[in-house]
Amino acid sequence: MKQSKHSHSKNLTVITTHANADFDAIGSMLAAHKLYPGSLVIYPGFNEKSSKNFFVSSMAYLFNMIDIKEINSSEIDKLIIVDTKQANRIGELSEIVDKPGLEIHIFDHHPASKKDIKAHFQVNSATGANVTLLTEIIQEKKIPLSPEEATIMCLGIYEDTGSFTFPSTTERDFTAAAFLVSNGADLTTISNMISKEMDPRQISLLNDMINAAVHHTINGVDISITSVSCDEYIHDLAFLVQKMMKIESLNALFGIALMKNKIYISARSRSTEVDVGAIATELGGGGHKFAAAATIKYKTLAQTENDLVAILQRHITSKNLAVNIMSSPAISAAPEITCKNARNLLSRYNVNALLVVKNSNANKQLLGFISRQVIEKALYHSLDNIPISEYMSTEFAVVGPEANLVEIQQKIIENKQRVLPVIKNEDIIGVITRTDLLNMLVQEANAKKQQLTEERQTAAHPRTKNINAFMKERLPKRILKLLRHVGEVAGEFGFSAYVVGGFVRDLFLYRHNEDIDIVIEGNGIEFAKRFAKLYGARINAYEKFGTAIIIFADGFKIDVASARMEYYNAPAALPTVEMSSIKMDLFRRDFTVNTLSVALNSATFGHLIDFFGAQRDLKEKVIRILHNLSFVEDPTRVFRAIRFEQRFGFTIGKLTSGLIENAVRMNFFKRLSGRRVFSELCHILKEENPTPYLIRLNEYNLLKVVDPSFVLNQKLIFYFNSAQKVLSWFDLLFTEESYMKWTVYFMIMLRHKDKNKSEEICRRLELAPRYTKIFIKERLFAEECLNRLHRNMPNKVSDIYRELKDLKIEMLLYIMSITTHQHLIKNISSYVTDLRNAKLSVCGKDIQALGLPPSPVYGKILSAVMDAKLNGLVKSDDDEMDLLKKYVAEF
C-alpha cells in the first residue's frame, strides 16, 4: 500500500468486502458503516463501469467511501470485513490481516472453512443474505435509518435471496426486509435494480452455472467449464457467463447450456493463451480472442463438453500426454475367458487389471475391464469357470492419446478405475495404470502441477461438508439432542460415532425416517451399555456381530453396530464379520445411496462424509451397487434394489441392472433360505402400492425366485390394484385397528392355488405356523364364504352378518379385493364399517333372570334377537328386552 495522499487521523476503522461485490455486500458495508460511526469504506471494483456502481455512486453521500490508495496500512487499527471471511477475496487489504495489533471484526453468512481469517469478533449465521445479520443488530440497537439507507440494504436481501425464491432464504431474511420496508425502503427502486441486473430465471440459471463449474488446468492455464440445462430458452447467456467470470474471478470460462433442443455455448477469456474465438470456430461458431459463441444441434451436453475438452487440449499443448505416459500394448482378454484363466493372465504379465475386448473384423471392440480384486473374489466364491464378461465393469472412462495429466488423473480417480484405456480412431493403443500415473506425479517438479496434484488427491478422499444447520432445520429437537449425546458418550470412550445409512439418505430426500443406525469405531456393545444406562433404557446385544439395539422406555429404538467389514464364505451365505473402520463398514453396504454418514463426536458434529459418491447418485436418482460381486455375495440385494428404485422414483444403473440379470441367470438365489426370500417379498408387499414393484420383479424374472408357479398377468395386476384401493379405503376409516396389510397382497398371489400347492409354497418359504394358517386354512375358508355369497346373494342383513362374522379383517379386505360384484362389495364394506361392531344390550344373565335355566338354547335366543336387531325389527334396548321375554316364554 502506498502512503496516504490525504490527511487521515490514525486509529482508523476500515470496512471492506470481497471483490466483485454484489448488492448484498454493498448493503452490508453500509450497514457496518452505521454500526461503526466514523469508519471508512473501501469498495473493491468501484471504478468498474456498471449499472450497480452507477447506482452506488448516486448514493455515495451515504458512505464515507475512499480509495485504498488514500490510506496507509499502518493507520488501520480495526478492519471490518463483511460477506466473506477469506483473505484472498479482499484484494490489497489481505496484506494486513496478520498485522500485529490489528483488530478484525467479521460479519458473514457463508459456511466456515479452513482458509478463513481469524477474527477477534465474528457474527456468522446461515441466512439467505449477509445484510440480514447486520440489519438485525441495527434493529436491536435501535439505530435510525434513512429511506435511502434502508433501500440499499433491502436491495441486498432481495438480490441474494432471489427475491425470496432461493432455497437458502430464511425467515430471518423476511423479517429483516420487513423492518427495512418499515423504515422507508423503496420497493420500486429495488424492483428496477433487480430487473436490470437479472430476472429470476437468469438468477436461477447463474446459480446452476456456478454450482456446475468444473475447473481444468491445461499446461498451467486455468479453464472453467459449466454445463447446465433448462426446459425453456433463457436469454442473454453471454451476460450470465460474463457475470460468472466476475463473481468467480475466472481466467477463461466456457458456458454450455442446453435450452429446449439446442445447445448454446458462450465463452469469455482474460488470458492471451486461450483464444476462445478459434475454439468456438471448431465448434461451428466464431468470435474474437476474448469473446465467442456457438450453437450446436443434435448433440448431448456430455458430447459437447467432451468435444470442447478435446479441442482445448489441441489448442493448449501439454507435455504430459497420454501417448507419452501409457503402457503399450494393452494386456486384454476375450469376454468368454474364465475367471481362473484371467488370473493366470494377470500373474503372467504382472498386471492388476485386464481390458475385456471382442475381436470384430480387424478391430478390437472394448467391452469393459476387470480388476484382480474382482477376479480373486470370484475365485473365492468358486466361480472359476464363469466368463469374465459376467463381472467386468461396463461403465468406464477412456482417453485419447492427446489427453493431458489432469484429465488422466481426474478420470482414474473420479471413476475409481485401475486401468484407463487410451483410444485412437477406435483402436486401443495402450493403457494408463495407477502405477503409471503415480510415477508421473512423483516426477512432477513444476509448482503448479504439484499444487494440482494435491488438489486432485484431496478429491479422492471422502467428500465432506458441514450439514449442522441442515440437520437443525430437518430433524426434531429430541432426535438432534439424542445424536449429540451419542457423540459425547462415544467421545468419553475415545470412540468415533456416526449416524449412517437410510436415516442420512432420507434426510436429503426429505422423507421422514427415525430409524437411527449408529456405527461406532470401537466397541459398539460397550458404548450401547453405557448409553442405555444413562437413559434408563435396556439393550439387546449380539456379540457375534458386534451389534446392539437400545430400547427406550417409550419403545423408541436405536441400532448400534461396531464398524465392521463382512466377507461371504459362499454366494448367498450369511456374512462373516470382522472389526473395521467407518469406510470399510460403509463399503460392505448394498448401494451407494446408503453409504452416507454423519459424524457425531462433539468436535466434528454434523460433518457429512461421502466415500462412494452417494450425493451424486441421489442427485442423479440412480441405484448403484458398490462392487461387481455384490449380488453374488448377497442376492437379496436384488430385491432391495427394486424396492429403493420404485420407492424413491429412481432408476437402476446400467451396470447394476446387468449384474441383476446375471444373478438371475446364474440362479444364485437357489442357495437362499426361503425365510430370507420371503422377508424381502414381505418388505415389498408392505410398500404403499406394491403393484409397480411386482411388475419390476417380473421384468427381471424374479417372481420365479419366490416360487416358479407365480406368473404375473393382467388379472393379478388388476387384483393388486383393487387391493390397493380397498386397503386405502380401510385406512381412511381411521379405525386404529392393527392389521397385516401385506397378507392381503400375498393371499392374492396365492389365489387359485389349491391346498396342496399352497402348503408347498409355505414350506418352501419357511413360513411360521401362524402365517401358514392364515394363507391356507383361513384364506380357503374366506374364499368358500365368498363363493357362497356369489351363488346366493343374501336378502337380509342378518344373513350377511352370519356369513362374515367368523372372518378376520384381513380376510374381509381380501375378499373385497377379489370380487367384482359391486352389490357384494357394498355389503362387505357395510359389514366392515357397521355390522361387525353390532352388540346387544341383553345377555345370558337377562335370560337367567327370567327363570330359564342355563342351556344351549341361550345362544339360539340371543342369535334370534341379534337377527331382529340387524334386520331393523327392534329399535331400542326396551324392544330387545321385550323380544327376549317373548322368546323365553316360548321355551
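Predicted model: local features only at pLDDT ≥ 70, side-chain atom pairs only at ≥ 80, totals over all residues.

Analyst: In it, helix α24 passes helix α27 in a right-handed crossing.

User: At roughly what angle do the axes of α24 and α27 cross, and how is the pair classed?
Analyst: Helix α24 covers residues 637-648 and helix α27 covers residues 691-699, and their axes come within 10 Å. The crossing is at roughly 135 degrees, which makes α24 oblique to α27.

User: How is α24 oriented to α26, parallel or antiparallel?
Analyst: The axes of α24 and α26 (residues 674-685) come within 10 Å and cross at roughly 5 degrees. Angles under 35 degrees count as roughly parallel. The two helices, α24 and α26, are therefore roughly parallel to each other.

User: Which residues make the contact between α24 and α26, and how many of them are charged?
Analyst: Helix α24 contributes F639, R640 and R643, while α26 contributes E680, H683 and I684. In the contact of α24 with α26, 2 residues are nonpolar and 1 is polar, and the charged ones number 3.

User: How many residues does the largest nonpolar core have, and which have the most contacts inside it?
Analyst: The largest nonpolar core has 144 residues. Y391 also contacts residues beyond four places away in sequence, including I370, L383, N628, L659 and F668. A second, separate core has 40 residues, I15, I80, L145 and M153 among them. In the largest core, the residues with the most contacts are Y391, L483, I518, F746 and F775.

User: What share of the residues in the chain is buried?
Analyst: The chain contains 38 helices and 28 strands. Of its contacts with a separation of 6 or more, 67% join residues 24 or more positions apart. Among the 891 residues in the chain, the buried share is 50%.

User: Is N756 buried or exposed?
Analyst: N756 lies in helix α31, residues 755-764. Its C-alpha is 9.2 Å from that of I776, 20 residues away in sequence. The relative accessibility of N756 is 56%, and the cut-off for exposure is over 50%. N756 therefore counts as exposed.

Notes. Residues numbered from 1 in each chain as written. Heavy atoms only, no water. Core = buried A, V, L, I, M, F, W, Y, C linked by side-chain atoms within 4.5 Å. Buried < 20%, exposed > 50% of the residue type's maximum accessible area, 1.4 Å probe, protein only. Contact = heavy atoms within 4.5 Å. Axes fitted to C-alpha atoms, helices over the stretch in contact; angles between N-to-C directions. Helix = DSSP H or I, 4+ residues; strand = E, 2+ residues; numbered from the N terminus. Parallel < 35°, antiparallel > 145°, perpendicular 65-115°, else oblique. Left-handed = near helix turned anticlockwise from the far one by under 90°. Nonpolar A, V, L, I, M, F, W, Y, C, P; charged D, E, K, R; others polar.
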